[in-house]
Amino acid sequence: MASRLPRREDDHGRVVLLIAGLFAVLGMLIVGGINVTALQLARVHVLDAADAAAADAADTIDEGAVYRGGLGGALELSDAGVQRTAAGSLARQQLPDHVLGWQVAGGTGAADSRTAAVRVTAVVRPPILGGLLSGVFGDVHVSVQSRARADVG
């Protein structure tokens, strides 16, 4: 029976492979956690920029509507005015870390002539191994939408 059991020399090195594999998995979890956290923070920054652009756009008035009917309880907005003001507001803001670029997207405009709806899309690159991941999977695209309304009163 003793001849069937493996000898001590046969197990040499197997524990080292197990430990190396565990460290590789641990490293991937850490890198993945850092990248996901950075992407979520970049998304929040893009949402903040969209909020600021929507607030600026909500203050834009449709001059033609004001001259025709005056000011009522809320400002009359136009799609073109909201898009122009949102794009200008976004252009003045500084790009956050890991955001390669952003732009005002389709769907931006005056939702009901009183509410400014601003949609922003951004391209985000993860901080760790971002270039390698972008080459394999492409960059991460983030899309957010914000609404604002300015009441007169």
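Arg-147 lies in strand S4, which spans residues 140–149; helices (H or I, at least four residues) and strands (E, at least two) are DSSP runs, numbered from the N terminus. The model is a predicted one, in which local features need pLDDT of at least 70 and side-chain atom pairs count only at pLDDT 80 or more, whereas totals for chains, interfaces and linings use all residues. Residues are numbered from 1 along each chain as its sequence is written, and side-chain values use heavy atoms, with hydrogens and water left out.

Arg-147 is exposed, with a relative accessible area of 53%; buried means under 20% relative accessible area, exposed over 50%, and partly exposed in between (1.4 Å probe, protein chains only). Not counting residues up to four places away in sequence, Arg-147 touches Ala-54, Ala-111, Thr-115, Ala-116 and Ala-117, where contact means heavy atoms within 4.5 Å. Its C-alpha is 8.5 Å from that of Ala-58, a residue 89 positions apart in sequence.

Ala-148 also belongs to strand S4, but Ala-148 counts as buried because its relative accessibility is 16%. Ala-57 stands 91 residues from Ala-148 in sequence, with a C-alpha to C-alpha separation of 7.9 Å. Beyond the neighbours within four places in sequence, Ala-148 is in contact with Ala-54, Ala-55, Ala-58, Arg-114, Thr-115 and Ala-116.

## Overall architecture

The protein chain has four helices and four strands, arranged from the N terminus as α-α-α-β-β-β-α-β. Of its 153 residues, 29% count as buried. Among contacts with a separation of 6 or more, 65% join residues 24 or more positions apart.

The accessible surface of the chain comes to about 9,900 Å², and 58% of that area belongs to carbon and sulfur atoms. Accessible areas come from the Shrake-Rupley method with a 1.4 Å probe; for residues, only the protein chains shown count as cover.

## The largest nonpolar core

The largest nonpolar core contains 26 residues, of which Val-46, Val-82, Val-99, Trp-102, Val-118 and Val-120 touch the most other members. Such a core is a set of buried Ala, Val, Leu, Ile, Met, Phe, Trp, Tyr and Cys residues joined through side-chain atoms within 4.5 Å. At least two residues each are supplied by H1, helix H3 (79–92), strand S1 (99–104), strand S3 (115–124) and S4. H1 gives the most, with nine residues. In soluble globular proteins, nonpolar side chains tend to be buried together.

## Val-118 and Thr-108

Not counting residues up to four places away in sequence, Val-118 touches Ala-50, Ala-53, Ala-54, Ala-57, Val-82, Ala-86, Thr-108, Val-144, Gln-145 and Ser-146.

Thr-108 is located in the loop between S1 and strand S2 (109–110) and is buried, with a relative accessible area of 4%. Its side chain reaches the backbone oxygen of Ala-105 at 2.8 Å. Apart from neighbours within four places in sequence, Thr-108 is in contact with Val-82, Gln-83, Ala-86, Ala-117, Val-118 and Arg-119.

## A nonpolar surface patch

Val-15, Ile-19, Phe-23, Leu-26, Ile-30 and Ile-34 form a nonpolar patch on the surface, together having about 570 Å² of accessible area. Patches are made of residues with over 30% relative accessible area and no salt bridge, like charges being joined within 9 Å and nonpolar side chains (Val, Leu, Ile, Met, Phe, Trp, Tyr) within 5 Å. A salt bridge is a side-chain nitrogen of Lys or Arg within 4 Å of a carboxyl oxygen of Asp or Glu.

Methods
A polar contact is a pair of N or O atoms within 3.5 Å; within protein, one must be able to donate a hydrogen and the other to accept it, and residues adjacent in sequence count only if both atoms are side-chain atoms.
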